Amino acid sequence: MGGAKVAVSFYDLYTNATLAAMTGSTPYGRIEHGALAVEGDRIAWVGPEADLPPEIDRAVQQRRDAGGAWITPGLIDCHTHLVHGGSRAREFERRLQGVTYEEIARKGGGIISTVAATREADEASLLRQSAPRLQSLLAEGITTVEIKSGYGLDMETELRMLRVARKLGEQFPVRVRTTFLGAHALPAEYKDRPDDYIDFVCREVMPRAAAEGLADFVDVFCERIAFSPAQTERVFQAAQQLGLPVKVHAEQLSDMNGAALASRYNALSADHLEHLSEDGVRAMAESGTTAVLLPGAFYFLKDDQKPPVDLLRKHGVPMAVSTDMNPGSSPAGSLLLMLNMACIFFSLTPEEALSGVTRNAARALGLSDRLGTLEAGKIADFVLWDIAEPAELAYRFGFNPCVGLIKNGELIHREVLKPKLHP
């Protein structure tokens, strides 16, 4: 009689690297002379190469020399609007002439102008326009990206945007998380009837998006040019009934207590936050809500009100960093540039900035049990960088040192590493 088959593990082993595990008490979770073993799509072991367990060493089927590179977790862009039609370059010119973002929005520009262009684009066109935006992120080591709807503001286009986001995740080596942002702005057909529009969002569009499996989260723009706290709460209640976690655009232009409201619904994140009060910070700390900082929008809108980073630190609120890639206020295709901006404009340290696109970005998407750090049992998403120190990722701009990308344990690309020129 044949005995039961015993499963045998085989590993890919990455050696000759310095690891920024983003865990532990050392800066960046630094591990010198590090090694990382991958089994299937999971990290099996992380540590100094000298401590590699013999049973793993014996079962290595592929040894990969990292060439002295640094290895970090795969980067995560946790707040984007990259699926949309058209451009808003003309509005950019108007703002340079002194017209404010809020004035443009109130006169039918802003989000509404992108809505018109997105409604006109069919699925193939949206996919074609969005793909290069995604590719710019992937080139910089992004392995996970969040993509919002919100430029349709009707049933057909909102669902189309979410379908395109899902297709991008199927066609490119990236993990896509989708967010239904039907409450992004008031469409022209609902002028002066915002409560009716919220009824439409909550009773018709959101249930359809949920039923078709198109939305992982629900978001609302809670702001004086968008939706009131009462209207925002109605959306949160509807999302809660559908079992969808919530997020919020809050305190970007004014303090409407949107972050505190979202915290009562255990929001995964509150994003922007330039006008966030200490009461709002406390509410986020109590609920475990992550603050998502968006320096690209701060820069592009020439804002002078910064998020209360010192208060967020004081109360232990995790800070994520994202591109906010969108056509109107942050047409940014570089997450690495956002690291630099977060340090320069918001006074984050380089380590805080890198945490913001790894560990804390994973928290903002409810993925911290799977992503964001280099730990055994987590998904094998990581990046190889030709750098001397991880601070270089925030220090330089217009510079991409990514030389290797691994997603789900598979080597996506690996450039030939040249000898290091660092002293």
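**Helix, sheet and core: a working chat**

Colleague: What do the side chains of Arg282 and Glu278 form?

Modeller: They form a salt bridge, with the closest N and O atoms 3.6 Å apart. The term means a side-chain nitrogen of Lys or Arg within 4 Å of a carboxyl oxygen of Asp or Glu. Arg282 also meets Asp279 in a salt bridge, at 2.9 Å from N to O. Asp279 lies in α10 too, three residues from Arg282.

Colleague: Is Asp279 buried or exposed?

Modeller: Asp279 is exposed, because its relative accessible area is 56%. The cut-offs are under 20% for buried, over 50% for exposed and partly exposed in between, with a 1.4 Å probe and protein chains only. Arg282, at 37%, counts as partly exposed, and so does Glu278, at 23%.

Colleague: How many salt bridges does the structure hold?

Modeller: It holds 27. One of them joins Arg166 to Asp216, at 3.1 Å from N to O. That pair links distant parts of the chain, 50 residues apart: Arg166 is in helix α6 (155-171), and Asp216 is in the loop between α7 (194-211) and β9 (217-222).

Colleague: Changing topic, what is the strand order in the open sheet?

Modeller: The eight strands run β6-β7-β8-β9-β10-β11-β12-β13, with parallel pairing. Strands pair if DSSP finds at least two bridges between them. The edges are β6 (75-77) and β13 (319-321), each pairing on one side only.

Colleague: How many bridges join β7 to β8?

Modeller: Five, between β7 (142-148) and β8 (175-183). Ile147 stands opposite Thr178 in β8.

Colleague: Which residues touch the most other members in the largest nonpolar core?

Modeller: Leu82, Val83, Val145, Leu168 and Trp385, out of 99 residues. Such a core is a set of buried Ala, Val, Leu, Ile, Met, Phe, Trp, Tyr and Cys residues joined through side-chain atoms within 4.5 Å.

Colleague: What is Val145 in contact with, leaving aside neighbours within four places in sequence?

Modeller: Its contacts (heavy atoms within 4.5 Å) include Asp77, Leu82, Leu134 and Val176.

Colleague: Where does pLDDT stay under 50?

Modeller: Over residues 1-6, which have zero contacts beyond four places in sequence, and over residues 416-423, which have 13 of them. pLDDT is the predictor's confidence in each residue, from 0 to 100. Where it is low, the predicted coordinates should not be read in detail. The protein averages 94, and 96% of the residues score at least 70.

Technical notes: Residues are numbered from 1 along each chain as its sequence is written. This is a predicted model: local features need pLDDT of at least 70, side-chain atom pairs count only at pLDDT 80 or more; totals for chains, interfaces and linings use all residues. Side-chain values use heavy atoms; hydrogens and water are left out. Helices (H or I, at least four residues) and strands (E, at least two) are DSSP runs, numbered from the N terminus.
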